[in-house]
Amino acid sequence: MMTLYGGADGELEIKDFIKESGYMRVITGTARGRRLETPVGNDVRPTTDAVKESVFSIIQFNIEGRTFLDGFAGSGQMGIEALSRGAKRAVFIDQMKQSVQIIKNNLNKTGLSDRATVLPTDTIAFLASTSEKFDIVFFDPPYRTGILQSALENVPRVMNKGGIIICEHPTDEQLPTETGDFAVKKHYKYGKIMITVYSHKEVDGI
């Protein structure tokens, strides 16, 4: 069963928040074609379908039965795509109440709530305190704020050795070549967007 921490009050707020939102879709898997609500606002920048499809092409053989962390989750579309493609479990982190409600709505629409946990908290605080380990972590925080670099400093402690860290960021934003025992293995460029992939230094492949 999906775990949602925090109250679900503010019904009018959430309706106002999503009433002009756009929609994304689940690309493939058990929830293929389902439309997802996306938050709106100046600070909201959902991962495009093209970039999302590229990300999941990169990790397509590493999803089945794995645990996925969708940090700075927004609509939750990345974790939902992972669940649709066979991930064992996904944890969604976002500190905005409205985003948490949208993630919950999207999980209910896709029938994937039973393998999801939604936490309305700060991603970096979660990384610093959780005892859970993950196989795949996806980060797409606000650009050029230093938040992504801070998240990368904290993420090694929550990773399984064979895990993969995926970061979406602008091409002109520099990321460290290493974080803990993890190192950059690949860069993928999509226009002005860069996907940087880290894996353990002792693990071949991605």
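Me: How many helices and strands are there in the chain?
Reply: The chain has 6 helices and 11 strands. Helices (H or I, at least four residues) and strands (E, at least two) are DSSP runs, numbered from the N terminus. This is a predicted model, where local features need pLDDT of at least 70, side-chain atom pairs count only at pLDDT 80 or more, and totals for chains, interfaces and linings use all residues. Residues are numbered from 1 along each chain as its sequence is written, and side-chain values use heavy atoms, with hydrogens and water left out.

Me: What share of the residues count as buried?
Reply: 50% of the 206 residues. Buried means under 20% relative accessible area, exposed over 50%, and partly exposed in between (1.4 Å probe, protein chains only).

Me: OK, helices. At what angle do H2 and H3 cross?
Reply: Roughly 45 degrees, with the axes of H2 (residues 49–58) and H3 (residues 77–84) coming within 11 Å. Axes here are lines fitted to C-alpha atoms, for helices over the stretch in contact, and angles run from 0 to 180 degrees between N-to-C directions. That makes H2 oblique to H3; angles under 35 degrees count as roughly parallel, over 145 as roughly antiparallel, 65 to 115 as roughly perpendicular and the rest as oblique.

Me: Which residues make the contact?
Reply: On H2, Asp49, Lys52, Val55 and Phe56; on H3, Gln77, Met78, Glu81 and Ala82. Contact means heavy atoms within 4.5 Å. By class there are 4 nonpolar, 1 polar and 3 charged residues in the H2–H3 contact. Ala, Val, Leu, Ile, Met, Phe, Trp, Tyr, Cys and Pro count as nonpolar, Asp, Glu, Lys and Arg as charged, and the others, Gly among them, as polar.

Me: Is H3 largely enclosed or left open by the rest of the structure?
Reply: Largely enclosed, because 8 of its 8 residues are buried. Among them are Gly79, Ile80 and Leu83.

Me: And what follows H3?
Reply: Gly86, with a positive phi near 110 degrees.

Me: Where does Ile63 lie?
Reply: In the loop between H2 and strand S4 (67–71). Ile63 is buried, at a relative accessible area of 3%. Leaving aside neighbours within four places in sequence, Ile63 is in contact with Phe56, Ala82, Arg85, Gly86, Ala87 and Ile136. Ile136 is 73 residues away along the chain, yet the two C-alpha atoms are separated by 7.9 Å.

Me: Switching to strands. Why is S11 described as largely enclosed?
Reply: Because 8 of the 8 residues of S11 (residues 193–200) are buried.

Me: Which way does S8 pair with S11?
Reply: Antiparallel, over 7 bridges, with S8 covering residues 159–170. Two strands pair if DSSP finds at least two bridges between them. Pro170 stands opposite Ile193 in S11.

Me: How many bridges join S10 to S11?
Reply: 8 bridges, and S10 (residues 182–190) runs antiparallel to S11. Val184 stands opposite Tyr198 in S11. S10 and S11 form a hairpin with 2 residues between them, and Gly191 in the turn has a positive phi of about 65 degrees.

Me: Last one: what is Thr179 in contact with?
Reply: Leaving aside neighbours within four places in sequence, Leu152, Glu153, Pro156 and Tyr198. Thr179 is found in strand S9 (residues 178–179) and counts as buried at 6% relative accessibility.
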